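Open the model in your viewer and keep the selection tool ready. We will go step by step, picking one part after another.

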Amino acid sequence: MKRSDYLILSFSITGIIFCILLSYIFINKESTFILAVFNLLFITLTFPLDGKLIYKTCLLLLGNIVGAFLNYFFLLFTFLGIYCLGEFFNIICAILNPFANLVWIVSFWSISLAFLANSKKEGKDKI
Amino acid sequence: MKMLPNLNPTFIILILGIVIFIFVMFLPAFLELKKPKDAGPKMIMDYNFSANFAMKEIPITDLEETHGFDQTLVKRIIDAVSVLPNLEV
Amino acid sequence: MIAEILKALFILLTVLMIAYLGRHYIFTLTVLKNSQKRKKDANAENIVYQPFVSILIPARNEERVIGRILQRMTKLTYPKDKTQIIVINDGSTDNTGIIAEEYAKVQSHITVVHRNKEEAGNGKAAALNAGFKYAKGEIVFCFDADYYPQRNILEKLVKEFTDPKVGAVQGRVVVLNEPQNMVTRLVTLERIGGYRVDQKARDSLGLIPQFGGTVGGLRRSLLECLGGWDESILAEDTDLTFRVYLAGYRIRYVYDAECYEEAVESWRAYWRQRYRWAKGHMQCAFKYMFKILKSGNLTLKEKIDGSLLLNVYFMPIFVLFSWIIGIPLFLSHPPQWLSISWAFMPIFLYSFVGNFAPFFEVGIGAYLDGRNRALWLIPLLIFAFLYNIPICTKALLDLAVSKITRKKNNYWAKTYHSGNGNTYIIN
């Protein structure tokens, strides 16, 4: 691996840890848990596949950023919704929040897999 | 009497943002459905009659067993031949 | 008091769902690990064991597809003098019988058994039992009328029977009419998860691969001992799976023995098919749950896997139930563990689809198959799952009603095959 690859790798790992910590401090524990589940799924099921480690780590970082942002916006959405529409909005958010998390985890993971598969194919074509 | 709730513009932007986000997450799926690049079906591994026939009918000579050549001798011959120039035109 | 009961129920359901999730996760990791070891499969053509085999093809109003499978049967590489093909025309009102007879006239190893209107239409199990009476083969295979197998599929399946412990074999099903519409493409994803990962892992781990009732075979002697197919069960394949294991035999999943099938093409047909599967599977759960736990012929891991397999069609109902009781619990100042479990709920939702392959099994299966673009469709599986919730709920309610009223309602809703798969066959 080149020096730049090591730099990108360290930056990505730092970024991932940062996302998890920020979600714990500024969002809520549920979002931290969701990020942890996403990371576990991604690392155990995607990292063993063929493909550059750099791509996988960058995708993992991107996933954490997407997840953290979504959970943050959803929290804002919940607070503003309760302010505008009343307490019952809490119930709607309680139902929608897990679905929103579900959508990004599954979508992001499957597109990442497709990206890795394509990059593996392009690598083989070049050879 | 207030008939409509007081909807903060930020709240509306957030609703739109979340809707767009979910739409974007499903977008690759909709794209693939609309214009499939791999609609399938998966090719099933089928019996390749010609390849199997060739494997059975055309014998591959085993230098060691059939002709009794020593492997180290074969290697020396290969090394010697490899330094010769390529005469292909 | 009620809150405490609901909490206890929620914990129990969450533990159950985590058990299933863990099971599928282990399956996915197993297949990933095994895919990196390139195992050289034995060359099917080099096997010495070639017993006389019988192939049962039950058919009811399959005029659009019966010709295709019979044509394909004439192209199989297995010796014709060791093959007997029995088409069971189960009271068809179309040209199924006529088409089958045309093939029987020119192919001496094809026989057609015609069932009259009084005895016909009572389901696949009854049709198979009718055909089984004429079977002479040492191994009895079953293929549905809409299937299209590899030419050397019999060699691949038969070689597993050299192990005397093997009572049945199951091959892989691949959807032929995948490009047809969204339903067929989603069903394909389910099949990929089920056959590329789930069944393969269960076979590798020495668990219970399921006999699927088609693209599979059993020892004739074993089938005779077991008394053939149980006509009172809608899922005769699941029923046989457990009877084979309880009799002390094993089922092998032969991953490279592939066969095309025509998947259902509409949500209505999907409902009818999955309702039948769910109800039949639940019947098996009630019939075999305690038997497999008490059996001395199953290992501990087979008992655990068997229990989870039997109850798999209850899971969508459990997920719905835990979701319903979770909402009031979550909103009533819940403890931390509850809000975390609640946040985790959708992962469970996305884990029970169709053949009950979670999204990560489907994804890894599609990746290993090289189906990169099919991966893009995985998010849409949520709609298939949501659709399975009312299917499984209705199946359970109907079963409960029939148990209470003691009125048997085993109506076999036949899956209609359009023959559109013919367009996609590449010769």
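This is a predicted model. Start by selecting strand S1 (residues 53-59) of chain C together with S2(C): the two run parallel, joined by seven bridges. Now click Pro58(C). Opposite this residue stands Ile88(C) in S2(C).

Next, follow the chain from S1(C) to S2(C). The path goes through helix H2 (residues 66-73) of chain C, and this β-α-β crossover is right-handed.

Pick out Asn89(C), and you will find His114(C) of S3(C) opposite. To get from S2(C) to S3(C), the chain passes through helix H3 (residues 96-106) of chain C, in a right-handed β-α-β crossover.

**Inside S2(C)**

Show the side chains of S2(C). Which residues point one way, and which the other? Thr83(C), Ile85(C), Val87(C) and Asn89(C) take one side, while Gln84(C), Ile86(C), Ile88(C) and Asp90(C) take the other. In a regular strand, side chains alternate between the two faces of the sheet. Both sets in S2(C) are buried. Eight of the eight residues of strand S2 (residues 83-90) of chain C are buried, so the strand is largely enclosed by the rest of the structure.

**The two domains**

Zoom out to the whole of chain C. Colour domain 1 (2-35 + 311-402) and domain 2 (49-302) separately. Their C-alpha centres lie 28 Å apart. Where they touch, domain 1 of chain C gives 33 residues and domain 2 of chain C gives 27 residues. On the domain 1 side, H1, H13 and helix H14 (381-405) of chain C each supply at least two residues. H14(C) gives the most, with 11 residues. That side has 21 nonpolar, eight polar and four charged residues.

**The neighbouring chains**

Now show chain A. Its contact with chain C takes 28 residues from chain A and 26 residues from chain C. On the side of chain C, look for helix H1 (2-36), helix H11 (315-331), helix H12 (336-349) and helix H13 (359-368), which each give two or more residues. H12(C) has the largest share, nine residues. This side of chain C holds 21 nonpolar, five polar and no charged residues.

Last, show chain B. Here 25 residues of chain C are in contact with 18 residues of chain B. Select strand S6 (166-175), helix H6 (182-204) and strand S8 (250-261) of chain C, which each give two or more residues to this side. The largest share, three residues, comes from S8(C).

Terms used: Residues are numbered from 1 along each chain as its sequence is written. Chains are lettered from A and ligands numbered from 1 in the order in which they are written. This is a predicted model: local features need pLDDT of at least 70, side-chain atom pairs count only at pLDDT 80 or more; totals for chains, interfaces and linings use all residues. Two residues are in contact if their C-beta atoms, placed from the backbone, lie within 7 Å. Helices (H or I, at least four residues) and strands (E, at least two) are DSSP runs, numbered from the N terminus. Ala, Val, Leu, Ile, Met, Phe, Trp, Tyr, Cys and Pro count as nonpolar, Asp, Glu, Lys and Arg as charged, and the others, Gly among them, as polar. Domain bounds come from an automatic or database domain assignment. A residue is buried if 20 or more other C-beta atoms lie within 10 Å of its own, exposed if 12 or fewer, and partly exposed in between; C-beta atoms are placed from the backbone. Two strands pair if DSSP finds at least two bridges between them. A crossover is right-handed if, with the strands pointing away from the viewer, the path from the first strand over the helix to the second runs clockwise.
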